[in-house]
Amino acid sequence: MTITQYQEAHLAGVLALCEAEDWPSLPADASRAHAVLTAPGVISVVALDGEHVMGFAYLQSDGHIQAHLSQIAVHREYRRKGIGRALLEYAVPLTGAQRVDLVTDSAEDFYASFQHRTFAGFRIYL
């Protein structure tokens, strides 16, 4: 397994992971997805098995204090092998932030395995 920063060559694999999770936002427009994954303040990383994208994570950061884990996914066949943790351990230092916030409705045990504090939160849709 190799963890590395996202490049456009990884886009199809990232979009396939999103489709498998039934996350429509990135796959709806590949050009927009690439722009999102390479936007200023965004850190995007992938886990590779050769050329195959096994997982990805993207975080948004102010570069100093605060980062937000926007998305993380690992292919079903590769789960519970430390790939999600490896993605975050590689990506978080690249953000320059002191802390990372996230919103989730799944994988609570995974996130709880990191040093953390739990807060109530909201996701607002306009």
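In this predicted model, Arg 80 belongs to the loop that connects strand S4 (66–74) with helix H3 (83–95). Although Arg 80 is not a glycine, its phi is positive, at about 65°. Arg 80 counts as exposed because its relative accessibility is 84%, and exposure requires a value over 50%.

Asp 22 is another residue other than glycine with a positive phi. Asp 22 is placed in the loop between helix H1 (11–20) and helix H2 (30–37). With a relative accessibility of 65%, Asp 22 also counts as exposed. The values for these two residues are set out below.

| Residue | Phi | Relative accessibility |
|---|---|---|
| Asp 22 | near 60° | 65% |
| Arg 80 | about 65° | 84% |

The loop between H1 and H2 also holds Pro 27. Apart from neighbours within four places in sequence, Pro 27 is in contact with Leu 15, Cys 18 and Glu 19. A distance of 9.0 Å separates the C-alpha atoms of Pro 27 and Ala 12, which are 15 residues apart along the chain.

The axes of H1 and H2 come within 11 Å and cross at roughly 100°. H1 and H2 are therefore roughly perpendicular to each other, since angles of 65 to 115 degrees fall in that class. On the H1 side, Leu 11, Val 14 and Leu 15 meet Ala 30, Ala 33, His 34 and Leu 37 of H2. By class, this contact comprises six nonpolar residues, one polar residue and no charged residues.

Methods. Residues are numbered from 1 along each chain as its sequence is written. This is a predicted model: local features need pLDDT of at least 70, side-chain atom pairs count only at pLDDT 80 or more; totals for chains, interfaces and linings use all residues. Side-chain values use heavy atoms; hydrogens and water are left out. Helices (H or I, at least four residues) and strands (E, at least two) are DSSP runs, numbered from the N terminus. Buried means under 20% relative accessible area, exposed over 50%, partly exposed in between (1.4 Å probe, protein chains only). Contact means heavy atoms within 4.5 Å. Axes are lines fitted to C-alpha atoms, for helices over the stretch in contact, and angles run from 0 to 180 degrees between N-to-C directions. Angles under 35 degrees count as roughly parallel, over 145 as roughly antiparallel, 65 to 115 as roughly perpendicular and the rest as oblique. Ala, Val, Leu, Ile, Met, Phe, Trp, Tyr, Cys and Pro count as nonpolar, Asp, Glu, Lys and Arg as charged, and the others, Gly among them, as polar.
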